[in-house]
Amino acid sequence: MKTKNKIRVLIAKPGLDGHDKGAKIVALALRDAGMEVIYSGLHQTLDQITQTAIQETVDVIGLSIMSGAHLPISEKLINMMKEQGLDDVNLTVGGVIPHQDIPKLKEMGVAEVFPGGTSFEDIITGINNLFE
Amino acid sequence: MGIAKYIKDERGAIKEVTYQSGIKVKPAYGPEDLKKAGFEYDKDLGSPGEYPFTRSLHPQSYRSRAWTTRQYTGFGTPEETNERFKLMIANGQNGLNVAFDLPTQMGYDSDHPLAEGEVGRVGMAIDSLKDFETAFAGIPLDRIGSGLTINAVATIMMAMYQAVAEKFGYSKEQISTTPQNDILKEMIGRGAWIFPVEHGVRLVGDSIEYAVKELPRSNPVSICGYHIRESGATPAQEIAYAFEIAKAYIDNVVQRGIKPEEFVGRFSFNFNVYGNLWEQIAKFRAARKLWAKMLKNEYGVTEKKKLFLRGLFGGGGSGLTKEQPENNIMRGAYYALGAALSGAQTIALCSFDEAYTIPTPRSALLSLRTLEMLMDEVGLRDTVAPLAGSYFIETITLEMEEKILEEMKEKDRAILFQ
């Protein structure tokens, strides 16, 4: 576990989906687990999310997607992160994610996927494990 | 044990029950409870179809007409949506409740960069009048009314609906549409708003004014407690905030020199059914009563029909689980039972697979059949408001009324659900 520095997480809402309760609740859970959390607010473009990640020097981007657009959004963001040299930033995705899409997300480079119903404990452990 | 609070003794027997709205439930109820709550027959209950409409809006209620079934439908292209509309209507559904995708809801064309990945996902994509024409082709728009579940751009959708109907040969006097058009609840509970508050509300006012003058069968706004509830509000808060939103729209239209009597009869509501059956029944009965009282006492509305709290009572989505999804079929049935015992005019259920996907034809039809069974098989049409006069129900309805009024005084708390 990363003990020396706090893990910095950007919780981000990409696209047009306005359902932000999940993102906000996960943000609070991660904060309570000792992480530093930045919340993007609604309706962020992927460019805005990448820029926020750079400026806030985060270790993790946690996307919250309920609209079903997780595959194209994640793929595009991963490419943009590569272009910006964010190689040491982990991308995680949560929300309404069908189980059959999890291997596809992992294959494109998403570090962890937390579909609806995942416990806070599993999300916290999952993120901590990225830094072991 | 559900979302009410239960305190039990060491043997597991229930000692205390407290509903979300703060109502404490006793082990049994009798005449003394009604007396204590100040219950008066004429003032608090009355005959079916009579003010304050605690029992029902109409004297014969479901005996004269079963509820309108209006499953939320729409996905992919206008062609696919049209096909599903026709499937539902062929299977007995008698109203439409149209789902639009997020780019359409937010005013973007399908080829806008921000729309990437979202086109046709959570509803159908509308980019032009031609799309609208395709979606409604072959639907008898004089017989089937359509809820247009869209808010920030509701005025545009309303105009498209009228234009397409006229193209199909229906006059604007024949068609019935209910755009959701409730921008304040988007700001509180759902997030799909574009314009700032003042201009958002002005557009709602514009569409009410237009409908009053030009569209005699349409309901220009459907005020939604539903989404505020999905954001975490209690039943009392759900009704309280919806009523405060309704008052904001009334005030906007009144400023234009139009009297409440002339337009409040066109308001429709969209409320949530979930959680505890009895608390929900008390909520709907208290809401119907309070709305009528408020219009009469605060806005001077006198005509009976204009005091009606009309609307869609829809099965809530957040109670449905992704795990063991078949359980949602039964949950939906109990939500529908609660709506029927509350005298819902119009009903919709989330389908059992909706926690993780767009409903399949099978799941959408299961919801429709669930709604029909209550009316056709189980006996919900036998007598009007079968729970009326129950010591328990009448007592908690009065208590719910108090809770709603308390929450209306604390309306600024609505911001907490943002």
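Visitor: What do the buried residues of α9(B) pack against?

Guide: In this predicted model, the buried residues of α9(B) pack against α7, β8, α8, β9, α11 and α12 of chain B. Those buried residues are Leu203(B), Val204(B), Gly205(B), Ser207(B), Ile208(B) and Ala211(B), and each is called buried because 20 or more other C-beta atoms lie within 10 Å of its own.

Visitor: How do you know what span is expected of helix α9 of chain B?

Guide: The helix covers residues 197-214, which is 18 residues, and the expected span is 1.5 Å times one less than the number of residues. From its first C-alpha to its last, α9(B) reaches 26 Å, close to the 26 Å expected.

Visitor: Which strands form the open sheet of chain B, and in what order?

Guide: The order is β5-β6-β7-β8, with parallel pairing, and the edge strands are β5 (72-73) and β8 (177-179), each of which pairs on one side only.

Visitor: What makes β5(B) and β6(B) a pair?

Guide: Two strands pair if there are at least two bridges between them, and β5(B) and β6(B), the latter spanning residues 95-99, are joined in the parallel sense over two bridges, so they meet the cut-off. Within this pairing, Tyr72(B) has Asn97(B) of β6(B) as its bridge partner.

Visitor: How many bridges join β6(B) to β7(B), and how many join β7(B) and β8(B)?

Guide: Five bridges join β6(B) to β7(B), where Gly95(B) stands opposite Gly145(B). Three bridges hold the parallel pairing of β7(B) and β8(B), and there Gly147(B) has Thr178(B) as its bridge partner. The chain passes from β7(B) through α7(B) to β8(B), and this β-α-β crossover is right-handed.

Visitor: Why is strand β7 of chain B called mostly covered?

Guide: Five of the five residues in β7(B), which spans 145-149, are buried, so each has 20 or more other C-beta atoms within 10 Å of its own. Gly145(B), Gly147(B) and Thr149(B) point one way, while Ser146(B) and Leu148(B) point the other way.

Visitor: Which residues have the most contacts inside the largest nonpolar core?

Guide: That core has 114 residues, and those with the most contacts inside it are Ala242(B), Ala336(B) and Ile347(B). Leaving aside residues up to four places away in sequence, Ile347(B) touches several residues, including Trp67(B), Phe313(B), Ala336(B) and Leu371(B). A second, separate core of 33 residues includes Ile11(A), Ala12(A), Ala69(A) and Val110(A).

Conventions
Residues numbered from 1 in each chain as written. Chains lettered and ligands numbered in written order. Predicted model: local features only at pLDDT ≥ 70, side-chain atom pairs only at ≥ 80, totals over all residues. Helix = DSSP H or I, 4+ residues; strand = E, 2+ residues; numbered from the N terminus. Buried ≥ 20, exposed ≤ 12 C-beta atoms within 10 Å, placed from the backbone. Contact = placed C-beta atoms within 7 Å. Core = buried A, V, L, I, M, F, W, Y, C linked by C-beta atoms within 7 Å. Right-handed = clockwise from strand over helix to strand, strands pointing away.
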